[in-house]
Amino acid sequence: NISVKKIRPFTVFVEGNIGSGKTTFLNHFANADVQLLSEPVEMWRNVEGHNLLGLMYENPSRWGLTFQTYVQLTMVDLHTRPAAYPVKMMERSIYSARYCFVENLVQEGLMPTCEYVVLDEWFKWITSHLDTGGDLIVYLRTSPEVVFERMKVRARKEETHVSLQYLTKLHELHEDWLFNRTKFSCPAPVITLDANRDINEMEEEFRKCEPKILFQQQN
Ligand SMILES: Cc1cc2cn([C@H]3C[C@H](O)[C@@H](CO)O3)c(=O)nc2[nH]1
């Protein structure tokens, strides 16, 4: 039997802290020949009527596993979505779910080790049996203080009580994963943008990115 190698589009993971401008970055490519896959926050807010995102922020130790299990499922769905375009850009990935958000829950003592291990077993099985690979990571690098202000302005109801300390912890986990590479491997080469800059200055940063993303269509 001939094994048909499933071609994977050039896959970009857009990574960064809460409020780092990921949605803005994706929207910059709205008219390009790119499949844009935003973070399915609306799905996390309504699973058969349950707002798992809200539950997780209200009581992370009780609902962290529930929420992150569902996040992992929704990310697998996006990773394995068939290729509709030569380039696919995802807002975050199963990798930032595992290495940043789940890691934060266990490091903050909000998730018991047995739950962390179960999530990691799922993560290892999924990433070794399914094609969740990426070809480039765009890291929107920010300072916690900047994203804290932006998050407050955006005022997502579930994030009302998110602290600067939480954002700082998430920032450090992104830096460890993508920059220092102390504990976890990095699934693709990383290009880093200074996402502290003002929105109109960001357009210039985004344009600088285009050759690294859109030129893939010409090979
Ligand atoms: C992959 C992944 C995304 C993600 C987002 N979140 C939270 C951070 C924000 O408040 C909101 C939308 O990104 O969901 C989370 O707790 N765990 C996550 N894991």
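**Exercise 1. The largest pocket**

Which helices each supply at least two residues of the lining of the largest pocket? Describe this pocket.

*Solution.* This is a predicted model, in which local features need pLDDT of at least 70, side-chain atom pairs count only at pLDDT 80 or more, and totals for chains, interfaces and linings use all residues. Residues are numbered from 1 along each chain as its sequence is written, and side-chain values use heavy atoms, with hydrogens and water left out.

Step 1. On a 1 Å grid over the protein atoms alone, a pocket is an open set of points with protein on both sides within 12 Å along at least five of seven lines, a cavity is a set where a 1.4 Å probe fits but cannot get out, and lining residues have an atom within 4 Å of a point. Grid points are joined across faces, edges and corners, and a volume is the space filled by probe spheres set on the points. Helices (H or I, at least four residues) and strands (E, at least two) are DSSP runs numbered from the N terminus.

Step 2. Name the helices. They are helix 1 (22-28), helix 2 (41-45), helix 3 (52-58), helix 4, helix 5, helix 7 (144-154) and helix 9 (199-214). Helix 5 gives the most, with five residues.

Step 3. Describe the space. The volume of the largest pocket is about 650 Å³. Its lining has 39 residues, of which I18, G19, K22, R154 and R156 lie nearest the centre.

Step 4. Sort the lining by class. There are 19 nonpolar, 10 polar and 10 charged residues. Here Ala, Val, Leu, Ile, Met, Phe, Trp, Tyr, Cys and Pro count as nonpolar, Asp, Glu, Lys and Arg as charged, and the others, Gly among them, as polar.

**Exercise 2. The largest cavity**

Determine which residues line the largest cavity.

*Solution.* Step 1. The search of the whole structure finds one cavity of 30 Å³ or more.

Step 1. The lining consists of Q68, Q72, A97, R98, V102 and L119. Helix 4 (60-79) and helix 5 (94-107) are the elements that give two or more residues to it.

Step 2. Helix 5 contributes the most to this lining, with three residues. By class, three lining residues are nonpolar, two are polar and one is charged.

**Exercise 3. Helix 5 and helix 6**

*Solution.* Step 1. Helix 5 and helix 6 (residues 113-129) pack at about 170 degrees, and their axes are 11 Å apart. Axes are lines fitted to C-alpha atoms, for helices over the stretch in contact, and angles run from 0 to 180 degrees between N-to-C directions.

Step 1. Contact (heavy atoms within 4.5 Å) involves I94, Y95, R98, Y99, V102, E103 and V106 of helix 5, and Y116, L119, D120, F123, I126 and T127 of helix 6.

**Exercise 4. The sheet**

In what order do the five strands of the open sheet lie?

*Solution.* Step 1. The order is 2-3-1-4-5, with parallel pairing; strands pair if DSSP finds at least two bridges between them.

Step 1. Strand 2 (34-37) and strand 5 (190-194) are the edges, each pairing on one side only.

Step 2. Strand 1 (residues 10-16) pairs with strand 3 (residues 87-91) over five bridges, and F10 has V87 as its bridge partner in strand 3.

Step 3. Helix 4 lies across strand 1, strand 2 and strand 3, at about 170 degrees to strand 3. Helix 8 touches strand 1, strand 4 (136-141) and strand 5.
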